[in-house]
Amino acid sequence: MRAMVVTELSGPEGIVAQEVPEPAAEGLVLIDVKASGVCFPDLLITYGKYQIRPEPPFIPGAEISGVVVSAPEGSGFAPGDRVLAAAYLGGYAERIAVNPAQVLRIPDGLAFDEAASLIINYQTMEFALARRAKIVAGETVVVLGAAGGVGTATIQLAKAHGARVIAVVRREGVEDFLRELGADEVVALAPGWGERIRELTDGVGAQIVVDPVGGDVFDDAVRVLAPEGRLVVIGFAGGGIPQVKVNRVLFRNISIVGAAWGEFTRTNPEAVAEVHASLVEHVRNGLRPLVKARYPLADAAVALADLESGKVLGKAILLQE
């Protein structure tokens, strides 16, 4: 079968198309891959900078959707089932074999490209908003890095929970895109953005700030929280890991919480099915992942390079040709 293989840890340019043996599938669900998500873990792993650090050669790809070819007895899956899976590795290929515990059914009505989008970012943000931040309908949610994969998932899910959403973004020319996703207000991540948030919240501040950026925006993110507000730390795309001044947390009665979905599922594997059930309910109520960039599998290196350079709005997907 054809696969995109990391031959050296030099980033996307180290990916080469190769013919490889089909994966061994004993005790696993064998899936014909129809679509593969393009995500930051995939990018980091091509540099050897992710928490999982395989040695080349290996096939990247953490998110897939497709059709079951075979499944072990008692797994609950059968040939022909439409499924999605978080696999960590192996998704940039024509077929993949996955532990049954990592396989989930595609919600009715979703296409394969949409289904491959409904994995890491949406699972992470449903966990972050519902479980970690305990979002309540009517609250205001500020989303930093709003035009990226995490940001776009956050906008859609916060709206699905009945929140008012303020998208904060550094990129220019994306306001219409963010409003299409459901953002009520769009604010440029430029000097004075915190003051603009306070204006839009009548001086009260936001109940929730979602921060996948870190770095030098963190202090302002803390300042725009309302009393009893929650800042949800998703990651550090800005490069720097900020320091927390705990006196602010104490005297302003705010909370700073982490949302490390992958780490949480390692000790709470049952959470995957629970979060997926919540996402299925959102889909039934009208949520659709908005896929803006589609590439053939052969262009996996191009897709990852575009993700790295900031050319991708929302989610990028690799499709089988």
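Me: Hi! What kind of model is this, and how are residues numbered?
Reply: It is a predicted model, where local features need pLDDT of at least 70, side-chain atom pairs count only at pLDDT 80 or more, and totals for chains, interfaces and linings use all residues. Residues are numbered from 1 along each chain as its sequence is written, and side-chain values use heavy atoms, with hydrogens and water left out.

Me: Great. At what angle do α3 and α4 cross?
Reply: Helix α3 (residues 120-132) and helix α4 (residues 149-160) cross at roughly 50°, and their axes come within 9 Å. Helices here are DSSP runs of H or I with at least four residues, strands are E runs of at least two, and both are numbered from the N terminus. Axes are lines fitted to C-alpha atoms, for helices over the stretch in contact, with angles from 0 to 180 degrees between N-to-C directions.

Me: Why is that pair called oblique?
Reply: Angles under 35 degrees count as roughly parallel, over 145 as roughly antiparallel, 65 to 115 as roughly perpendicular and the rest as oblique. α3 and α4 are therefore oblique to each other.

Me: Which residues make the contact?
Reply: From α3 there are Asn121, Tyr122, Met125, Glu126 and Leu129, and α4 brings Gly149, Val150, Ala153, Thr154, Gln156, Leu157 and Ala158. Contact means heavy atoms within 4.5 Å. By class there are seven nonpolar, four polar and one charged residues. In that scheme Ala, Val, Leu, Ile, Met, Phe, Trp, Tyr, Cys and Pro count as nonpolar, Asp, Glu, Lys and Arg as charged, and the others, Gly among them, as polar.

Me: And how does α3 sit against α10?
Reply: The axes of α3 and helix α10 (residues 270-284) come within 10 Å and cross at roughly 95°. That makes α3 roughly perpendicular to α10. Tyr122, Gln123, Glu126, Phe127 and Arg131 of α3 meet Glu274, Val275, Ser278, Leu279 and His282 of α10.

Me: Switching topic: how many cavities did the search find?
Reply: Searching the whole structure gives two cavities of 30 Å³ or more. A cavity is a set of points on a 1 Å grid over the protein atoms alone where a 1.4 Å probe fits but cannot get out, and lining residues have an atom within 4 Å of a point. Points are joined across faces, edges and corners, and a volume is the space filled by probe spheres set on them.

Me: What lines the largest one?
Reply: Its lining is Ser117, Tyr122, Gly149, Thr152, Gln156, Leu181, Pro289, Leu290, Val291 and Lys315. The volume of the largest cavity is about 60 Å³, and α4 gives the largest share of its lining, three residues.

Me: And the second largest cavity, what surrounds that?
Reply: Phe218, Asp219, Val222, Gln243, Val244, Lys245, Arg248, Val249 and Ile256 line the second largest cavity. About 50 Å³ of space lies in there, and the largest share of the lining, three residues, comes from α7.

Me: Last one: where is the cis peptide bond?
Reply: A cis peptide bond joins Pro56 and Pro57, with omega about 0°. Pro57 is in the loop between α1 (40-46) and β4 (63-70).

Me: What about phi at Asp202?
Reply: Asp202 has a positive phi of about 55° although it is not a glycine. Asp202 lies in the loop between α6 (193-200) and β11 (206-211). As background, most residues other than glycine have a negative phi, and most peptide bonds are trans.

Notes: On a 1 Å grid over the protein atoms alone, a cavity is a set of points where a 1.4 Å probe fits but cannot get out, and a pocket is an open set with protein on both sides within 12 Å along at least five of seven lines; lining residues have an atom within 4 Å of a point.
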